[in-house]
Amino acid sequence: MRVVKQYGMAVGIAVSAAGLAFGAQAADLTVVSWGGAYTKSQIEAYQKPWMAKTGHKINSEDYNGGLAEVKAQVESGNVTWDLVDVELSDAVLGCDTGLLEPIDASILPPAPDGTPAEKDFLPGTITDCAVATIVWSTIYAYDGEKMSGAKPATMADFFDTKKFPGKRGMRKTPKANQAIALAAEGVPANHVYEVLGTDAGINRAFAKLDTIKNDILWWEAGAQPPQMLADGEVVMTTAYNGRIFNAVASEGKDFRIVWDGQVWDIDLWAIPKGAKNKDLALEFVKFSTDTERLADQAEWISYGPARQSSIPLIGKHAEAGIEMGPHMPTAPDNFKNALQNDFEFWADHQDELNERFAAWLAK
Amino acid sequence: MAQAVLDQPVLTAADGMPLRVALRRAERRKRLTAFGLVAPLLIFILITFAMPILDMVLRSVHDPVVSEIFPRTGAALQSWDGAAMPDEPTLQVFVEEMAKAYDDRTVGKVATRMNYEIPGTHSLFMKTGRRADRLKDGDLGAALIEIDKDWESPEIWATLERLSSPYTLSFYLAALDLQYNTQGEIVAQPEERQIYKMLFWRTLWVSLLITGICLLLAYPISYLLATLPTKTSNLLMIMVLLPFWTSLLVRTTSWIVLLQTEGVLNDLMVWTGLIGDDQRLQMIYNMTGTVVAMVHILLPFMVLPLFSVMKTISPSYMRAAESLGATPARAFWRIYFPLTIPGIGAGSLLVFILAIGYYITPALVGGRTGQLISNFIAFHMQKSLNWGLAAALAGLLLLGVLALYWLYNRLVGIDNMKLG
């Protein structure tokens, strides 16, 4: 099964390379996102209606996050991406280092009741260079069918290989994993980044990860963890909550999410500096972040909308007919022990931690 | 004698031109034609090979960010005593440049660069940048400390001073697990961040191991290929070349099918009862996987030079040695083996140099422990965006290959190499 994935990856690379070569010229706008179920939700909720309304074409590409491709394009002066779906820490870092175009928030449409966009968006979801669309979360999940006996319920259980023997899946990056490790140590969510800010805290997080280092399979693309669970390669895995939800809603899996210690974050639209179709990209940002579009998107995948006015409009899943509200990261039951990915912490420490994480992995 | 030459009449070509001039002209034309034929390739190589390498080497030492964005601060810091806060005029210049950099949206670049050296300074610079235009005269030192007391630390100012030179060795130091301390002395990185020396040794060791295994596997098969009748050897040759022509990705992923814990080989061993279902061997996503897959992929590069050399060795040499009383083993060791050394040299050098820079196979099947130095060059190119460090690592790798090439030339002699 892993082979299928590797092939899939190879084919994906080939296709996106071909897309780069041919698609970029043919389409009016190149929009880059994280692939799989998430990109599908964006295509259904934003892109199809926009294409129908304006007649422009969108070329959709996938990536696995990070600013590397954006930096390469900006520095070489050949910017082929017009709009990228980025994490908050990358939105801030990219803006600070001049890789992203500033976006004037006043162009965003107000809520239907007239509340201006700046007030309607959740606090902190509009930055100098980016406009948020969703609230998502890193959680961990297991397959209810395969897990007999006691079920894991806390973040500490993820690290308990005695009680729950077997491999674990984790994203191959220090982001979120460090926070998860401390949450498993019993550090309360609102203190995690405080503790991580010290050398002792970072050592403690690595020491916790050390306890399961040999049991971890690392994933990079968001579509991998549900696949790993389905194949039985891992007994539990961290994942983006929407991907797990999608496997449940669309493929009838019995995957169950453990919300304890979830690390939530936001994803934002950002425009690479020097994008060829900047004005059109701005039009698309305006269109896709209005109240209705954001609510529509939440009916395709269980990521919360970034606008307050969208929340009451969310109904059932567009295909499976499941009520979406209780599956959102921000639903009160899920949000009890949640912590936010601290973008400022990552702007300061991601070089150091990426390097140390890479060293830790290779040893 | 000289007199006699001078006295001779000048030889002329058919059109009456002096022969010497005509010859020179013809030769020049020939040289121009030759150059014209080579020119496209030469230009291609200059653009796609020489220039990128030069650019890479430059990037590994060139670090103009701070000197471009904070030029006057760098100059003013030259007179700083290195102990307390810099004096007010220096701070004045610093705050002015900070405010300008914030307006130009360039302060983030400096923040990122500083953050490579002192983790945590990214937010310090951004925070200060936001407020810099509000800092007017008066006690600037106190005002900066009020924004963040980190400004008190001489480490920050010392690093800023060091980075204000557009050329730096800090990327090379980082690539050797070294760093500057606050006093500007070169010291080792903290234990948990040391990795590159280990990786360089690992890469060297793995490449040697792969070269050795390839040689052991390729020598007998090449001998067989060279001595069998043409019809059979052609068939065998196709079997060597077929994988050679198959895509690298296909071959690497086939090894994943074979070796993974739920893969063919493990299934077979469980089925035959050799191992229990819970004892499946981890043969891929570690060093074993990297070595096995790389040996398979690089084997043809050893077989082909060996074969082409062995093909030219006449079987009568061996017969002659044996007729003179040598045992077959002695005849092989004294006659046949020395004649194959050019092939061994060529094959080994080829395999070794390919192995030392190998990227895709370790990335796919190396897992956590099977990563080589090139995977970390890619990591710094694609993930951490620290291109200076990536360039320094690549520069060291290039230097290592050149040094080994030189050593090889001294030991074996590059003229003795035969590529086929």
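The following exercises, each with a worked solution, concern a predicted model.

**Exercise 1. Strand S8 of chain A**

Determine whether strand S8 (residues 255-270) of chain A is largely enclosed by the rest of the structure, and identify the strands that pair with S8(A).

*Solution.* 

Step 1. A residue is classed as buried if 20 or more other C-beta atoms lie within 10 Å of its own. In strand S8 of chain A, 15 of the 16 residues are buried, so the strand is largely enclosed by the rest of the structure.

Step 2. Strand S4 (residues 130-143) of chain A pairs with S8(A) in the antiparallel sense, over twelve bridges. Within this pairing, A:Ser137 is found opposite A:Trp264 of S8(A).

Step 3. Strand S3 (residues 83-87) of chain A also runs antiparallel to S8(A), and four bridges join them. Here A:Glu87 has A:Asp267 of S8(A) as its bridge partner.

Step 4. Strand S10 (residues 339-340) of chain A runs parallel to S8(A), to which two bridges join it. A:Leu339 of S10(A) stands opposite A:Val263.

**Exercise 2. Positive phi in chain B**

Locate B:Arg105 and B:Asp177, state the phi of each residue, and decide whether each is buried, partly exposed or exposed.

*Solution.* 

Step 1. Most residues other than glycine have a negative phi. B:Arg105 is not a glycine, yet its phi is positive, about 60°. B:Asp177, likewise not a glycine, has a positive phi of about 60°.

Step 2. B:Arg105 belongs to the loop between helix H5 (88-103) and helix H6 (107-117) of chain B. B:Asp177 belongs to the loop between helix H10 (170-175) and strand S1 (178-180) of chain B.

**Exercise 3. Two packed helices of chain B**

Describe how H5(B) packs with helix H8 (residues 140-147) of chain B.

*Solution.* 

Step 1. Two packed helices are described by the angle between their axes and the distance between the axes. For H5(B) and H8(B), the angle is about 50° and the axes are 9 Å apart.

Step 2. This angle makes H5(B) oblique to H8(B).

Step 3. H5(B) contributes B:Glu88, B:Leu91, B:Gln92 and B:Val95 to the contact, while H8(B) contributes B:Leu140, B:Gly141 and B:Leu144.

Step 4. Sorted by class, the residues of the contact between H5(B) and H8(B) are four nonpolar, two polar and one charged.

Technical notes. Residues numbered from 1 in each chain as written. Chains lettered and ligands numbered in written order. Predicted model: local features only at pLDDT ≥ 70, side-chain atom pairs only at ≥ 80, totals over all residues. Buried ≥ 20, exposed ≤ 12 C-beta atoms within 10 Å, placed from the backbone. Pairing = 2+ DSSP bridges. Axes fitted to C-alpha atoms, helices over the stretch in contact; angles between N-to-C directions. Parallel < 35°, antiparallel > 145°, perpendicular 65-115°, else oblique. Contact = placed C-beta atoms within 7 Å. Nonpolar A, V, L, I, M, F, W, Y, C, P; charged D, E, K, R; others polar.
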